[in-house]
Amino acid sequence: KQWYQRRVAITAGRNSIARLSFAWFTVAICYYGLEFNAGSLGNEYVIMMLMGCFDTPFKLVMYVYAGKVGRQWACQTYLGLAMSCLILSGLPAANLLTLYGSLTLKTILVACGRALGGSVFALLYIYTTEILPTLVRSLGLSCCSTAARVGSLLSPCVILVNEISPYIIYVFTVICLMVAMKLLRGIPETLGKPLPSSLEDCEKLFCSGEAKRKKMEDPYRLHP
């Protein structure tokens, strides 16, 4: 049993870094990609100001919400809301409905989606450091940050992609958000749990999460 738990902890730790790295990549694409796409929505200065106005309130709500329901549920909720905003912004009615002046409902939805993605970006810094043990915490955080930088480097390509179709960035971002939500479900919750400082602490964290997941999939099966 001890060998099984150690194997589960090591495998789950590697998988968690891979899952978190993709989540970092996704929120970077969502945040910076939609920011580079602001020029296609109208006056880029007004839109950038609008996006900045949504950032701080959403982040404050995120920290309070994550402290109540947990990091995983907070990430899932915000990623789902960002995906919903981007899907709704693609509807023809969203571009036709004018709220004030040249400000349309599509602009508001895209700004909300970008702010929601940026809020998850801030929470992932906390979630990543709470998952990894002390010995590899800085290394794992660097790997995830590198994945986010890759997403940031790809974001300026939005300007070139818009020449083909302005909807490509939304479709690609929605797909990435859906995959990230699915991947984050395999990472254990860290709210109220001490920071893992050794492999033994990771065994307790990951093995409890693995046993809980298997029990939800098949509650009548006995697991080691």
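1. Start at the end of helix 2. Just after this helix, G70 takes a positive phi of about 110°. The model is a predicted one, and the torsion is to be read as such.

2. Helix 2 itself covers residues 44-69, which is 26 residues. From first C-alpha to last it reaches 36 Å. That is close to the 38 Å expected at 1.5 Å a residue. Its buried positions are I47, L50, M51, D55, M62 and A66. Note that D55 is on that list.

3. M48 also lies in helix 2. M48 counts as partly exposed, because its relative accessibility is 31%. Beyond its neighbours within four places in sequence, M48 is in contact with E35 and A38. The C-alpha atoms of M48 and A111 are separated by 8.4 Å. Along the chain, these two residues are 63 apart.

4. Now the overall layout. The protein has 9 helices and 2 strands. Read from the N terminus, the order is α-α-α-α-β-β-α-α-α-α-α. The chain holds 224 residues, and 43% of them count as buried. Take the contacts between residues at least 6 apart in sequence: 81% of them join residues at least 24 apart. The accessible surface comes to about 12,100 Å². Carbon and sulfur atoms account for 67% of that surface.

5. Aromatic pairs come next. The whole structure gives 6 of them. One is F22 with F25, whose ring centres are 6.2 Å apart. Their planes meet at 40°, so this pair is tilted. Both residues belong to helix 1 (residues 2-36). They are 3 residues apart there, so about one helical turn separates them. In general, an α-helix has 3.6 residues a turn, so residues three or four places apart point the same way. F22 is partly exposed, with a relative accessible area of 25%. F25 counts as buried at 14%.

6. Which geometry does the pair W24 and F121 have? The pair is edge-to-face, because the ring planes stand at 85°. The ring centres are 5.7 Å apart. This pair links distant parts of the chain. W24 sits in helix 1 and F121 in helix 5 (residues 105-131), 97 residues apart. W24 is buried, at 0% relative accessibility. F121 is buried too, at 10%. W24, F121 and Y125 form one aromatic cluster.

7. A charge also meets a ring. The charged end of R114 sits over the ring of Y31. Its distance from the ring centre is 4.0 Å.

8. K106 deserves a look. Its place is in helix 5. Is this lysine, K106, buried or exposed? K106 counts as buried, because its relative accessibility is 10%, and the cut-off for buried is under 20%. The C-alpha atoms of K106 and L86 are separated by 8.6 Å. The two residues are 20 apart along the chain.

9. S155 is a loop residue. The loop in question runs between helix 6 (137-154) and helix 7 (157-161). S155 is buried, with a relative accessible area of 1%. What does S155 contact, leaving aside its neighbours within four places in sequence? The partners are A28, I29, Y32, G33 and F36.

10. Last, the cysteines. How many disulfides does a search of the whole structure find? The count is 0. A disulfide would need the sulfur atoms within 2.5 Å. C144 is in no disulfide either. For C144, the nearest cysteine sulfur is that of C143, 6.8 Å away. Both C85 and C144 are buried: C85 has 13% relative accessibility, and C144 has a relative accessible area of 1%.

Definitions and conventions
Residues numbered from 1 in each chain as written. Predicted model: local features only at pLDDT ≥ 70, side-chain atom pairs only at ≥ 80, totals over all residues. Heavy atoms only, no water. Buried < 20%, exposed > 50% of the residue type's maximum accessible area, 1.4 Å probe, protein only. Helix = DSSP H or I, 4+ residues; strand = E, 2+ residues; numbered from the N terminus. Expected span 1.5 Å × (residues − 1). Contact = heavy atoms within 4.5 Å. Phe/Tyr/Trp six-rings, centres within 6.5 Å; stacked < 30°, edge-to-face > 60°. Lys NZ or Arg CZ within 6 Å of the ring centre and 35° of its normal. Areas by Shrake-Rupley, 256 points an atom, 1.4 Å probe, with all protein chains shown as cover.
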